[in-house]
Amino acid sequence: MTCLGNIIWIIFGGIWSALGWCIAGILWCISIVGIPVGLQCFKLASISLDPFGKDIEYDGGAGSFILNIIWFIVSGMELALGNAIIGAVFCITIVGIPFGMQFFKIAKLALCPFGARVVKNS
């Protein structure tokens, strides 16, 4: 079921979410200082392509907190808002609720990606 969910996910919006992460990563990689942030964006684009069967665990320290504040101001709000809007649209129908919940998961990740780790469901 996870594989089928991910295939349908890519067709109905996952590719656009991943594209948003990749664009943010490219923009961050333009400057030398932003390269670590850009590389994190590329890693998180992978969960935008196959979110079913994965969870996100949050743990981080002061460095993650500072990076999350800078991220939120520069790129996080746009990615989170876009994913939240698409998630709300999907949740209008009963069939779309699982996909909407995945968009909400990615929107939460877009607010604070540093200190977050992607783990597989058991």
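Predicted model: local features only at pLDDT ≥ 70, side-chain atom pairs only at ≥ 80, totals over all residues.
Author: Residues are numbered from 1 along each chain as its sequence is written, and side-chain values use heavy atoms, with hydrogens and water left out.

Reader: Why is N68 called buried?

Author: The relative accessible area of N68 is 13%. Buried means under 20% relative accessible area, exposed over 50%, and partly exposed in between (1.4 Å probe, protein chains only). N68 is therefore buried. It is found in helix α3, residues 62–90; helices (H or I, at least four residues) and strands (E, at least two) are DSSP runs, numbered from the N terminus. Leaving aside neighbours within four places in sequence, N68 is in contact (heavy atoms within 4.5 Å) with L111, C112, P113 and F114.

Reader: What makes N6 buried?

Author: N6 has a relative accessible area of 11%, so N6 is buried. This residue lies in helix α1 and touches L49, D50, P51 and F52, not counting residues up to four places away in sequence.

Reader: Why is L49 called partly exposed?

Author: The relative accessibility of L49 is 31%, and L49 therefore counts as partly exposed. L49 is placed in helix α2. Beyond four places in sequence, L49 touches N6, W9, I10, G14, I15 and A18.

Reader: What makes α1 roughly parallel to α4?

Author: Two packed helices are described by the angle between their axes and the distance between the axes. The axes of α1 and α4 come within 11 Å and cross at roughly 25°; axes are lines fitted to C-alpha atoms, for helices over the stretch in contact, and angles run from 0 to 180 degrees between N-to-C directions. Angles under 35 degrees count as roughly parallel, over 145 as roughly antiparallel, 65 to 115 as roughly perpendicular and the rest as oblique. Hence α1 is roughly parallel to α4. Residues making this contact include G5, W9 and W21 of α1 and F99, Q102 and L109 of α4.

Reader: Why are α1 and α3 called roughly antiparallel?

Author: The axes of α1 and α3 come within 11 Å and cross at roughly 175°. The two helices are therefore roughly antiparallel to each other. Among the residues in contact are F12, W21 and W28 of α1 and W71, L79 and F90 of α3. By class, the contact of α1 with α3 has 9 nonpolar, 4 polar and no charged residues, where Ala, Val, Leu, Ile, Met, Phe, Trp, Tyr, Cys and Pro count as nonpolar, Asp, Glu, Lys and Arg as charged, and the others, Gly among them, as polar.

Reader: Which residues touch the most other members of the largest nonpolar core?

Author: A nonpolar core is a set of buried Ala, Val, Leu, Ile, Met, Phe, Trp, Tyr and Cys residues joined through side-chain atoms within 4.5 Å. Of the 22 residues in the largest such core, W9, W21, C41, W71, L79 and L109 touch the most other members. Helices α1 (2–29), α2 (35–49), α3 and α4 (97–111) each supply at least two residues of this core.
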